[in-house]
Amino acid sequence: MYLPRTITKSLEQASRHFPVVLITGPRQIGKTTCLKESAKPNRSYVTLDDPQARELAVEDPKLFLQRFPPPVLIDEIQYAPALLPIIKMAVDEGAAKGSFWLTGSQQFHLMSGVTESLAGRVGILHMLGFSMAEQLGEAEKSTPFLPGAASNRDHRPIMKLPEVYERIWRGSFPAVWMEKEMDRDLFYGSYVQTYLQRDVKALVQVGDELAFIKFLRAAAARTGQLLNLADISRDAGIAHNTARHWLSVLQSSGLVYLLEPFHINQTKRLVKAPKLYFMDTGLAAYLTQWSSPATLEAGAANGAFFETWALSEILKSYWHNGKQAPFTFYRDHDQREVDLLIFKDGHLYPVGFKKASSPGKKDIQTFSVLKQLKHPVGEGAVVCMTDRPMPLTESVTSLPVGHL
């Protein structure tokens with residue numbers, strides 16, 4: 001069974017404006033399935049995971065495009081960067097809009113090649129695993145999250161704590177979500193090994209795979225926290241510079257997201273470190289060895305995983321709709337923090353995350369510090385376990401997680 005994806009409408013829109021459309025994202029989150037479902041009957045398909053196709057693309061890219069002419073879907077384009085200049089030539093010679101659909105699992109090298117060869121000719125979309133809207137069959141209704149608009153989703157089912165942590169623990173990879181009989185540990189164990197063998201080794205020389213696994217676990221254990229590379233490198237037993245380089249690999253593979261702090265010159269007391277988030281909480285829970293949704297919910301990391309999952313849902317609502325995510329967070333040296341700030345049309349929209357059913361005014365006291373940031377402050381929200389939206393103040397609402 002195919003579950004429709006929100007990004008489909010963004011793909012169609014980009015294809016009307018650009019001759020080349022590129023979708024990037026982690027492996028096995030449904031990029032190829034989505035594009036195949038959207039492809040017209042006359043669009044050919046080729047994957048560069050196929051050794052013969054890859055060899056042809058690398059050694060004779062011109063002949064490759066003769067063998068697979070547009071309109072074409074080329075999967076895992078990062079394996080043959082020599083194709084990009086040839087695609088550029090085809091575009092410059094008048095290729096129609098939407099002629100080339102490309103997917104890629106590694107942004108690090110891929111994006112530099114794309115920006116050099118296809119600047120102004122390519123629409124770039126970012127994709128993650130299933131969003132909750134997609135899981136509920138509401139892919140086409142999904143819109144970029146803003147607190148006020150999200151309050152109008154009362155048709156959504158009420159989500160209780162066990163269901164929330166079941167979603168957090170299982171994660172959003174289609175194979176785990178669609179196949180309920182899938183051995184979740186087997187999937188993630190195989191995923192990590194495949195990731196090591198294919199993406200990591202393609203991006204960086206990892207001499208000690210055990211050290212890299214330790215690094216993955218140390219990073220996953222700190223999801224939802226300020227990035228502290230010194231602590232991660234110490235736990236993994238690697239040099240600080242190695243940890244920094246390996247973190248860039250996780251970013252380029254779409255596995256982690258760094259939320260940057262809000263910063264202007266007038267606010268010198270704000271922290272400068274970003275916050276680290278694993279984009280799939282199921283993978284993070286596997287790496288940190290939580291054996292069930294119940295143990296995760298009762299464990300010390302339950303709040304960090306709740307925040308990570310909620311933020312990833314909000315991020316998907318932007319990326320899957322083809323939008324940039326104008327996100328930062330606020331934290332100063334007095335430990336006053338606002339988990340997420342969404343910047344839109346000159347306004348800051350504050351969002352907090354609380355694993356609680358009845359947050360109170362004390363939970364939004366820090367929202368008042370935003371007045372010093374010289375930007376108008378819009379409606380705010382506290383995403384929590386409440387059954388229905390409830391006003392906390394005139395401008396802040398407690399919002400059920402099911403409304404994300």
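## Aromatic pairs and charges over rings

Rings of Phe, Tyr and Trp (its six-membered ring) pair if their centres lie within 6.5 Å; planes under 30 degrees apart count as stacked, over 60 as edge-to-face and the rest as tilted. In this predicted model, F173, F187, Y188, Y191 and Y286 make up one aromatic cluster. The structure has twelve aromatic pairs. One of them joins F64 and F68, which are tilted, with 5.0 Å from centre to centre and 45° between the planes. F64 is buried, because its relative accessibility is 0%, and F68 is buried at 13%. Buried here means under 20% relative accessible area, exposed over 50%, and partly exposed in between (1.4 Å probe, protein chains only).

Two rings carry a charged end above them. A charge sits over a ring if NZ of Lys or CZ of Arg is within 6 Å of the ring centre and within 35 degrees of the ring normal. K36 places its charged end over Y45, 4.1 Å from the centre of the ring.

## Basis and confidence

Residues are numbered from 1 along each chain as its sequence is written. Local features need pLDDT of at least 70, side-chain atom pairs count only at pLDDT 80 or more, totals for chains, interfaces and linings use all residues, and side-chain values use heavy atoms, with hydrogens and water left out.

The predictor's confidence in each residue, pLDDT, runs from 0 to 100. Its mean over the protein is 90, and 94% of the residues reach 70 or more. Helices (H or I, at least four residues) and strands (E, at least two) are DSSP runs, numbered from the N terminus.

## The parallel sheet

An open sheet of five strands has the order β2-β3-β4-β1-β5, with parallel pairing. Its edge strands, β2 (44–47) and β5 (122–126), each pair on one side only. Two strands pair if DSSP finds at least two bridges between them. The average twist from one strand to the next is 15°. β3 (residues 72–75) and β4 (residues 100–104) are joined by three bridges, and V72 stands opposite F100 of β4.

Helix α1 (residues 7–17) lies across β1 (20–24), β4 and β5, at about 155° to β1. Axes are lines fitted to C-alpha atoms, for helices over the stretch in contact, and angles run from 0 to 180 degrees between N-to-C directions.

β9 (residues 327–331) has four of its five residues buried. Four bridges connect β9 to the antiparallel β10 (residues 337–344), where L341 is the bridge partner of T328. Five residues separate the two strands of this hairpin, and Q335 in the turn has a positive phi of about 70°.

## Loop residues

Most residues other than glycine have a negative phi, and most peptide bonds are trans. Q28, in the loop between β1 and α2 (31–38), has a positive phi near 65° and is partly exposed at 41% relative accessibility. E76, in the loop between β3 and α5 (83–92), has a positive phi of about 60° and is buried at 5%. The P70 to P71 peptide bond is cis, with omega near 0°; P71 is in the loop between α4 (61–67) and β3.

E138 is in the loop between α7 (132–135) and α8 (147–150) and is buried, with a relative accessible area of 12%. Apart from neighbours within four places in sequence, E138 is in contact with A133, H155 and R156, where contact means heavy atoms within 4.5 Å.
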